Amino acid sequence: MDDNAEFYKDLPKVELHAHLNGSVSVQTMEKLIRRKPHLNIEHSMTAIGKGQRRTLDECFEVFKVIHKLVDTEEDVLMVATDVIKEFAADNVKYLELRSTPREENHTGLTKKSYIETVIEAIRQCKTEGVDIDVRFLVAIDRRNGAEVAMETVKLAEEFMLSSGGLVVGIDLSGDPTVGHGRCLLPALQRARNCGLKLSLHMSEVPSQLEESELLLNLPPDRIGHGTCLHPEMGGSQSLVDRAVKGRIPLEICLTSNVKGQTVQSYSQHHFRYWYQLGHPCVICTDDKGVFCTDLSQEYQLAASAFGLRPDAVWTLSERAVDCIFAGDEVKQQLRQKWTELKPGLLQGAELQV
Ligand SMILES: CNc1ncnc2c1ncn2[C@@H]1O[C@H](COP(=O)(O)O)[C@@H](O)[C@H]1O
Ligand SMILES: [Zn+2]
């Protein structure tokens with residue numbers, strides 16, 4: 001961290017790719033571990049520290065451990081409330097949280113009550129005056145197949161209509177090496193047709209060429225990662241061309257990709273390629289708890305790895321507003337916020353360069 005860290009912290013930010021259970025902080029994790037001592041879970045099992053790397057497989061094992069700790073409505077409420085407040089404390093002004101509704105027979109948690117609880121957390125934070133606009137994307141875990149995907153979309157549809165605009169879309173995530181996107185197409189098409197926005201994890205690993213082509217046909221409203229879209233990474237020029245033509249924003253998660261070893265180093269990250277093309281790219285955290293990061297740090301990493309000056313960093317955060325799933329009115333409010341904050345923040349930062 002250089003001494004300019006304050007600039008990244010003060011920068012108003014938009015977070016569009018954050019998995020709820022991957023975003024649990026050390027502090028919240030300690031509370032969860034204390035609630036369930038019989039599980040014998042230590043914090044080292046739920047996070048990947050500085051300088052550590054894991055295979056993507058190992059990362060998915062970490063989520064299984066966290067899921068054991070978060071298995072009641074009470075847990076979900078605490079985790080969601082804490083995560084929202086932590087993003088707000090990091091000066092995130094607009095957050096799209098995503099999470100896979102889970103049912104746990106032994107605690108009575110149902111998929112429906114899971115979603116209701118996340119919505120309740122969003123409402124509580126709003127009532128308390130936490131300075132952040134939060135929306136929710138209901139996640140489909142690709143491992144669970146077509147039927148569950150369809151059931152998830154139907155639930156999301158219900159909540160889109162009943163949540164007063166809080167549920168805005170669908171996320172497709174889960175272990176990219178398991179299952180095939182082909183069988184999930186009917187569910188994703190239904191989601192699109194009923195007005196849910198789509199953010200799809202795509203080409204997170206190589207050898208998903210055919211799947212990525214199918215998913216791009218939908219098309220998605222945003223792409224999660226897109227690490228291997230490029231021909232040199234196992235994708236194809238036609239995939240790149242279609243993403244470019246559709247100007248489909250890429251959600252960029254630097255630390256996640258490096259720690260999960262789908263990208264070799266920060267400087268070799270595909271952000272460079274897409275950013276230089278002038279393609280819409282949004283810096284995100286993915287799993288701030290598991291990967292021990294926050295959005296300020298991700299912006300700072302991008303700036304140092306790719307030589308971005310403060311004005312370019314500012315523009316990056318400002319352009320993220322164009323990519324949110326909430327409507328034009330919200331975009332206007334956010335743009336207004338950015339305009340008000342700009343002079344104070346940029347003048348100070350430029351002086352330090
Ligand atoms: C590291 N790259 C990744 N690639 C794919 N899916 C990921 C992911 N990181 C997280 N998830 C998805 O998010 C779930 C945890 O949050 P929720 O229980 O839904 O809140 C994981 O089980 C996985 O399905
Ligand atoms: Zn993700």
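## Ligand contacts

A polar side-chain atom of glutamate 204 lies 2.8 Å from a nitrogen atom of ligand 1, a polar contact in the sense of a pair of N or O atoms within 3.5 Å. Two further contacts belong to serine 99, with a polar side-chain atom 2.6 Å from an oxygen atom of ligand 1, and to aspartate 286, where the distance to a nitrogen atom of the ligand is 3.5 Å. Taken alone, ligand 1 exposes 510 Å², and the protein buries 99% of that area (Shrake-Rupley method, 1.4 Å probe).

This is a predicted model, in which local features need pLDDT of at least 70 and side-chain atom pairs count only at pLDDT 80 or more, while totals for chains, interfaces and linings use all residues. Residues are numbered from 1 along each chain as its sequence is written, chains are lettered from A and ligands numbered from 1 in the order in which they are written, and side-chain values use heavy atoms, with hydrogens and water left out.

## Ligand shell

The shell around ligand 1 holds 18 residues, the closest being Asn21, His67, Ser99, Thr100 and Asp287; a residue counts as near if one of its heavy atoms lies within 4 Å. Helix H3 (residues 56-69) supplies the largest share, three residues. Helices here are DSSP runs of H or I with at least four residues, and strands are runs of E with at least two, numbered from the N terminus.

By class, the shell has four nonpolar, nine polar and five charged residues. Ala, Val, Leu, Ile, Met, Phe, Trp, Tyr, Cys and Pro count as nonpolar, Asp, Glu, Lys and Arg as charged, and the others, Gly among them, as polar.

## Largest pocket

Ligand 1 sits in the largest pocket, meaning that more than half of its atoms lie within 2 Å of the pocket's grid points. A pocket is an open set of points on a 1 Å grid over the protein atoms alone, with protein on both sides within 12 Å along at least five of seven lines; a cavity is a set where a 1.4 Å probe fits but cannot get out, and lining residues have an atom within 4 Å of a point.

The volume of the largest pocket is about 610 Å³, taken as the space filled by probe spheres set on points joined across faces, edges and corners. It is lined by 34 residues, of which His67, Thr100, Asp141, Arg143 and Gly174 are closest to its centre. H3 gives the largest share of this lining, six residues. The lining divides into 10 nonpolar, 13 polar and 11 charged residues.

## Largest cavity

There is one cavity of 30 Å³ or more. The largest cavity has a volume of about 50 Å³, and its lining includes Arg142, Leu172, His201 and Glu204. Strand E4 (167-173) and strand E5 (197-202) each give two or more residues to that lining.

## Backbone exceptions

Most residues other than glycine have a negative phi, and most peptide bonds are trans. Serine 207, in the loop between E5 and H8, has a positive phi of about 65°. The peptide bond from leucine 218 to proline 219 is cis, with omega near -15°; proline 219 lies in the loop between helix H8 (209-216) and strand E6 (222-225).

How values were computed:
A polar contact is a pair of N or O atoms within 3.5 Å; within protein, one must be able to donate a hydrogen and the other to accept it, and residues adjacent in sequence count only if both atoms are side-chain atoms.
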